[in-house]
Amino acid sequence: MNNADLSVLIIDDDAAIRQSFGDYFEDQDFKVLSAESGEEALEILMTESPDAAIVDVRMMGISGVDFIQKAYLQIPDCVFLICTGSPEYRLPADLFQLNQVSSRVFQKPVNNLSLVHKEILRMLTEMRT
Amino acid sequence: MNLSQQGKLSGFLQQLIYKTSIRTRLIFIIVLLVMLTAFSIVVINVGISFNNGLERAYEQLETVARLKEEGVTRWVDHLEEDLLNTLEPRDLRWHMSVLTEPEESLRLFTQISYNRAKAALNETLSRTERFDELFLMNRKGDVVLSTSVEREKEQFSESIFFHKGEKEFVVQFLFHFSETDGVSIVTAIPVFKESKEVLGILVGRSSILQLNQIMGSRKGLGKTGETYLLDPKGLLLTPTRFRMPKENKIIDAGTIPIIQSSEHSVRVRNKSYRSSDVISSQHWLSALNVVLIAEQEEVEALSSTYTALKMSIAVTVVALLTAVSLGIFLTRNITEPLAELAKTAAKITAGEIDTVASVRGGTEIMHLGDTFNEMTSRLRDLIEQLKRSEQQQLDLLNNTSSVIYIKDLKSRYIFINRMFEEIFNISNSYISGKTDDMFFPQKVAETFQANDLKVIEDNSILEFEEVVPQADGLHTYISVKFPLKNSSGEIYAICGISTDITARKHQEEELRKLRNYLYNIINSMPSMLIGIDSNGLITQWNNQAQKTSGIDEADAMGQPLHQILPRLESEMEQVFNAIKTRQEQSDHKRQVMIDGNVHYEDITIFPLITNGIEGAVIRIDDVTERIRIEEMMIQSEKMLSVGGLAAGMAHEINNPLGGIMQTSEVMSERLTGEMSANKRAAETVGVDMKTIHAYMEARGIPRMLNTIRDSCTRAATIVESMLGFARRGDSVFSDCDITELVEQTLLLSGTDYDLKKRYDFKQFKIVRDYQDDLLLVTCEPQKVQQVLLNIFKNGAQAIQEMNDNRKVESEKKQPCFTLTLRNELEAKMVRIEISDNGPGMEEEIRKRVFEPFFSTKPVGLGTGLGLSVAYFIITENLGGSLNVKSQPGVGTNFIIRLPAAERGGYEQC
C-alpha cells in the first residue's frame, strides 16, 4: 500500500517525542495528526479517522489505555500501538485481546523508528485481510 | 324426785338465778335480810308470844274450866243437896222404905207412902227446878216411885247409878235415858235408913239443860271457846257450840285414860270436831266421872298471839315495803346506772358505736360511767383503727402484685386476693372450699399440696419455686408459705404469697448469658484487660493478662497492680491521672523486655465513669508483631516505592532520551537519507542531496549523530539496568543451582571493579557450608547475583571501615564471610545465609537497612539503594524473603530464602 494514503495519530504529552515521531512519519509520507492528551485525541477523532495511532500510556488526564478503550470502536479500522517510557509496563488483557491493538509494546526511547513503521504496516495488512 | 327431775329443777333454779336482775337480787337480798330479821324477830316474838299466849290461853281455859267445873260441881252439889233435901222430911225415908221394901203388912200404906214420897219428890222437883224427874229405886233396882209415872216399873239394876248409888252419891250422865232423848244427868243417893242401911236409891234425873247452860256459858271463852262434857267413853254430853260431831264423839276414847290419869288438866291441841285447830284443856272430873273440855279455837285462844303475829306481820310487811322501797331507791342508784350502762353496751354491741352512757349515782357509779364512756371511746377508736387497718390490709392484699391465698389444713381455699382472681380468672367466692386440682393440672396441684403439707409438718415458713401454666405459657413463682395459728398456737390454715419471677428468671438467664458472654469476650480478647479501682487494686484480670503475666486471676484480684505487674509501675501515675481527669490516656509502643525478648506494648487507660464508680480499665496490647509488620510494611512501602520510583524515574528519563534519540534518528535520515521528502526539500532549496551528503560527511555529522544515538542508547541501558528491575513481564526465570550461582558470584566479586578498588576481596576468608542435594531454585540468576554482590559489598565495606577505625593492629579483624546453603523442605525454599564478622548493626540501623536511600555512609559514598533494590528483587521479583540479623560487635547475618523449583518448571540455567 501506499504510505501517502495513511494517516497516523500521535498521542504523547512529551513535545519532543511527538515531534520526533511526527517528523519521521512525515518523512514516510504519512499524514500526521498529533495530540497532547487523550482528550484532545478523542476530539480529533470526531473529525478524523486515522489508520494508526501511537499512544503513550502515562499522560495527564486519561491514560492511553482509557483512550484506546474509548476510541477503538469509533475507528474500527485503526491500529493502536503503545509506546511507553515505563519499563514495567505490561499490556492489559482486555487490550491484548483486541486485534486492533498491537501486542508489541514499544519501549521509549525507541532506537529504531522504522520498527514502529513496520509494525503499523504489518498490523494494517493483517487487519485488512 | 328422780335425778332428771332434780336436774330439771336445779336447772330451772339456775336459770331463775341468772335471769333475775341485779336489782331484783339486791332488793331481794335486802328484803330477804330485812325479812329474815323481821321474820326472826317475828318468829321469836311470835313464838314467845305464842307460847305465852298458849300458856295463857290454856290458863284461861283452865280457869274457865275450873269455873265451869265449879259450877258443874256446884250444880251437882246442888243436886246432891236437893236430893238430900228431899230426904229431909222425917218420915219420908219411912215412906220410901215402904216403897222400896214392900212389906205385906204395909201394903196399905204403900199408897200413902207413895203419895207422900211422890209429893216430896214433886215438891223438890218444883222447888228446885233442877230435876226433870225424881224416882226412887229399891235395892233391886226397880223404880218404885217416880215423878214420871211411866218411869215406875222400870228397872235399872244394871246401871251404874244403881250400883254406885247404893253406896254414895253418884252422878251419871246417860244417853237416852229411858226414852228421853239426849243426855240426862242422873244423880242418885242412897237412902239410908236410920239404921244406916240403904233402903233404896233416890235418883234424880236432870236434864242437861242446866248443865248445858253452865257449860254453854261463854264467859271467858271468847268467840270460839266452849266447854262441854264428855263421858268416859268420850261421848258428848253437853252440846257443842258449833256443830255436832260425828257419832257424838269428840275425842278418841283412848285418850280418856290419859286425862283420867293426869293430875292436872291435859292440854291438847287438836282439831277437835271442828276443822280448825283448837286448844283444849281437858279435865277429868272424877266426882262426876266426866271429862270437861274447855276448848277454844287456837286462833282465838292465841288471838293476842295472833294479834301480835298480825302486828308483827304488819310490821314485817311495813318493814318489807320499806325495805323494798329502800332497796329500790338505793339500788336505783346502782342498778339504774348499771342498767343504763348495760343498755348502752347493748347498743354499742348492736353497732351504734357512738352511744354515750349518762349515769348518775354515787361516785363509784359516776366513775364507772366515766370509765365506761372512756372505754367505749377507746373502743370506738380501736374499732376505727381496726377497720382502717383491716381495710389497709385488704387493700394491701388486693393491690399487691403478688398472688396471695389462704388454704385450710386440707388444702381447700379460704381466701384469694385480687391478683389471684385476675390471673387465674377465678372468683374468691367460687374457689372457696375447693382444692387445687379443680383449677390446675394434676401434677401442679399435687406439687402445691405436697408443699402445703411440708409447711404444716415443719410448722415454719418455707420457700418453694412453683411452676404454673398460665394462658401465655409457663410462669415461675417464688412461693413463700407459712402456717397461720390461732391463739392457742394450733395451725388452722396456711397462707401463701407467690411472686411471679418468670420475668426475673428470664432476666437472670439473660444476665447470666450476658455475663458469660461478656466474660468470654473479655477473656477471648487478645489484649490484656485489667480493671482497677480508684485505689489501684485489681478488680478484673482476663485470660490474656493471666497468660502474659503468668499470674492467676485468683491471685491477682484485689492486689495492687504495681505489685503484680511491676513493669506497669511507671504507668500508675497515668492511671490515676486518667481516673482523675476522666480522660483516656494512652502510651504507644512502649518497649518492654519479656522473657529476654524485646516486645512492644500499647497501653491504653480508660477511666470508668459510668454509675459514678471510679476506677479504670487498662488495655495492654502486645503490638510487637504489629510493630514489626508495620515496620516491614513501611519498609515494603518504601521498598515498593522504589519500584514506583524506579518506574517513575525511568519514565522521566526515557522520555527525554526518546526525544533525543528519535529526533537524532530523524535527523540522520533527513541529512543522510534518500527519502523523496529530502529530495523535494533539496530541490526547493536548490541544493543537491549529494552535496549535502558530502558536506555532512566532511564535517563528520553522521558520526556525531551516531554518537548521539549511541550515548542515548547507553543512557537508556543504564536506566534499564538500574531501574529495570522494576519491570515485570519480561523477567527471564530459570531453575538454578544456587551453589553454582554463589560460586560464580564469589568469582565475580573478586574481579568486580568496585570491590577491587576499595576492598581487597581476596583477603577475605570464605567459609562454605553447603548442604548436599540442594534443591534447584526458580529465579532470575542475574538478579540473584546482583543481590549477592550487593550484600558482599556492604559487608566488605563495613568490615573495612571497622578495621580502619581500629588503630591498633591487633584489634583488626580478618574479614570472614560464612556462606550457608540449606534446604527448607517444608517451606519448599532454599536458604542462603551470608554471615560476616563485621561490626554488626544496632537495632535502630538493622531495622532500616532495607530502606531505600537509608545509608550509614556519608553523603556521596552511596545512594543507599543497593539493599533496598536487593530486597525488592528477592521479595517482589523472586517471591522469596530477605532478612538480616545483627549483633553489634559480633557480625551481621543476611538470610535469603528463595522458592525451590517445581518439577517440570523452567529450563535450567
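This is a predicted model: local features need pLDDT of at least 70, side-chain atom pairs count only at pLDDT 80 or more; totals for chains, interfaces and linings use all residues.
What is the area buried between chain B and chain A, and what share of it do carbon and sulfur atoms give? It is about 2300 Å², and carbon and sulfur atoms give 52% of it; buried area here is the accessible area (1.4 Å probe) that two parts lose on being put together, summed over both.

Residues are numbered from 1 along each chain as its sequence is written, chains are lettered from A and ligands numbered from 1 in the order in which they are written, and side-chain values use heavy atoms, leaving out hydrogens and water.

Back to the interface. On chain B, 27 residues are in contact with 27 residues of chain A, contact being heavy atoms within 4.5 Å. Three of them, B:His651, B:Asn655 and B:Gln662, supply 26% of the area that chain B buries against chain A, more than any other three residues.

Now the charges. The rule finds four salt bridges across this interface, each a side-chain nitrogen of Lys or Arg within 4 Å of a carboxyl oxygen of Asp or Glu. In one of them, A:Glu26 pairs with B:Arg670, with the closest N and O atoms 3.6 Å apart.

And which elements of chain B give two or more residues to the side that touches chain A? They are α19 (624-672), α20 (676-685) and α22 (701-723) of chain B, helices being DSSP runs of H or I with at least four residues, numbered from the N terminus. α19(B) gives the most, with 16 residues.
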